[in-house]
Amino acid sequence: MDGCYTEREQREIEAGAAAYDEMCREELKAEMPEVFNPLIELYRAFEKINLEAIRFYQEDIGTLAKVRELFPDSQEIRDRVRDLINLEAFAIEELKKEIENDREAHAEFKIL
Amino acid sequence: MTEKHTQSLKSYSGDDAVISSHELDLRLKQAPEALIRVKSFIPSLDDAIEDFRDGELIAISGPTKMGKTLLAQTLTVNFTKQQQFPLWFSFEVPARQFLSQFTELPLIYMPGKLKAHALDWLEARIRESFEKYHTRIIFIDHLHYLIDLARMKNPSLEIGQVIRRLKGIAVNGGFIVFLLCHTTKGKSEGDLSYESIRDSSFISQESDSVLMIKRTPGDGETAARLRIEFHRRTGIFERVVDLVKVNGSLQERSYQESEYDRRYR
């Protein structure tokens with residue numbers, strides 16, 4: 001053993017120092033004002049709009065399901081509701097993909 | 001009883017007013033037999049139970065790591081194919097892991113955060129999801145997250161109250177509630193029946209059906225056996241269905257692909 005500490009003491013000191021460093025990093029991060037980046041802001045705005053659209057489609061699917069229940073004997077309504085739900089479910093998936101792609105791009109900008 | 005009270009009872013015409021069997025029969029014939037009917041896409045199960053219908057409480061049980069959640073996830077995927085998008089309470093499996101277990105993520109609904117041992121909260125979320133998305137199918141994984149065993153004076157009775165309330169939610173709201181629950185026996189202890197469910201008496205008394213699942217490694221690494229212990233509506237009793245895991249979900253074993261296509265597509 002090279003130092004004046006036992007191995008256990010050394011490990012405890014290092015763990016304590018690492019925890020302190022992490023705490024400081026978090027504090028600095030919280031205190032530092034985020035630099036305004038118009039591109040990042042734009043991506044955030046897109047994400048907000050897309051999330052709102054997803055919520056709209058989700059609720060609309062619910063409304064369509066309700067309509068289907070109100071007319072259990074109408075095959076025409078059932079068929080139309082089925083097609084509309086398929087379209088809206090597809091739209092949700094597309095919007096989700098868009099958000100994920102934007103997040104990737106957003107992450108790249110942050111690195112830059 | 002005063003004259004006024006007597007008169008008000010005579011003229012009472014609320015939804016719950018007492019009527020004759022004939023009048024009730026006429027009223028029921030006007031209403032649809034079921035608000036929703038969904039198939040499991042497991043042919044022998046569908047034959048036995050004649051689809052899942054609103055107002056039903058279905059218990060899914062089996063030993064730990066024996067396929068309860070997988071069966072529930074298989075049903076979920078197959079319900080979404082019929083455009084019924086369930087509400088999930090995945091207490092046991094963390095959300096990230098739960099969602100990653102689907103080969104293709106289906107459209108389902110889940111609370112952003114979970115609250116254990118809070119039946120009022122659970123009912124509020126069920127109502128919220130219904131109002132927003134018209135969700136009629138609920139999965140709860142699993143029962144013991146709804147109750148606080150540590151605080152219970154009489155667990156069996158209190159579990160009974162929880163089960164009865166869930167059944168009430170299903171009947172009054174027109175929901176199908178799938179409730180996952182553990183068994184008392186370990187996986188090596190032979191055949192399981194609904195009597196093996198923890199706190200079984202109330203669960204099986206209040207449920208419309210009990211489905212027991214268990215892996216059967218002797219039949220292959222991905223094999224499992226589903227036992228329909230009983231189904232109150234159809235009267236089915238102790239029906240066995242052999243399953244196999246294919247592409248992340250369970251299918252009926254030795255069921256021809258062509259026959260499956262003819263039946264469900």
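**Figure 1. Salt bridge between A:Arg82 and A:Asp83 in the predicted model**. The closest N and O atoms of A:Arg82 and A:Asp83 lie 3.4 Å apart; a salt bridge here is a side-chain nitrogen of Lys or Arg within 4 Å of a carboxyl oxygen of Asp or Glu. A:Arg82 has a relative accessible area of 38% and is partly exposed, and A:Asp83, at 40%, is partly exposed as well. Buried means under 20% relative accessible area, exposed over 50%, and partly exposed in between, with a 1.4 Å probe and protein chains only. Over all chains, the structure holds 26 salt bridges. Because this is a predicted model, local features need pLDDT of at least 70 and side-chain atom pairs count only at pLDDT 80 or more, while totals for chains, interfaces and linings use all residues. Residues are numbered from 1 along each chain as its sequence is written, chains are lettered from A and ligands numbered from 1 in the order in which they are written, and side-chain values use heavy atoms, leaving out hydrogens and water.

**Figure 2. Salt bridges within chain B**. B:Lys29 and B:Asp25 form a salt bridge with closest N and O atoms 3.0 Å apart. Both residues belong to helix H2 (residues 21–30) of chain B, where a spacing of 4 residues separates them by about one helical turn. Helices (H or I, at least four residues) and strands (E, at least two) are DSSP runs, numbered from the N terminus. B:Lys29 is exposed at 64%, whereas B:Asp25 is partly exposed at 36%. In a further salt bridge, B:Arg225 meets B:Asp219 with the closest N and O atoms 3.3 Å apart. Shared partners join B:Asp120, B:Glu123, B:Arg127 and B:Arg165 into one network of salt bridges.

**Figure 3. The contact between chain B and chain A**. Chain B gives 14 residues to the contact and chain A gives 15 residues, contact meaning heavy atoms within 4.5 Å. The area buried between the chains is about 1,200 Å², with 53% from carbon and sulfur atoms; buried area is the accessible area (1.4 Å probe) that two parts lose on being put together, summed over both. On the chain B side, B:Gln83, B:Tyr133 and B:His134 lose the most area to chain A, together 48% of what that side buries. The count of salt bridges between the two chains is 1. B:Arg136 and A:Glu69 meet in a salt bridge at 2.5 Å, N to O.

**Figure 4. An aromatic cluster in chain B**. The cluster consists of B:Phe52, B:Phe79, B:Trp88, B:Phe98, B:Phe102, B:Phe139 and B:Phe178. Rings of Phe, Tyr and Trp (its six-membered ring) pair if their centres lie within 6.5 Å; planes under 30 degrees apart count as stacked, over 60 as edge-to-face and the rest as tilted. By this rule there are 14 aromatic pairs over all chains. The rings of B:Trp88 and B:Phe98 have centres 4.5 Å apart and planes at 50°, so this pair is tilted. B:Trp88 is buried, with a relative accessible area of 0%, and B:Phe98 is also buried at 0%. For B:Phe139 and B:Phe178 the centres are 4.6 Å apart and the planes at 10°, so the pair is stacked. This pair links distant parts of the chain, with B:Phe139 in strand S5 and B:Phe178 in strand S6 (residues 176–181) of chain B, 39 residues apart.
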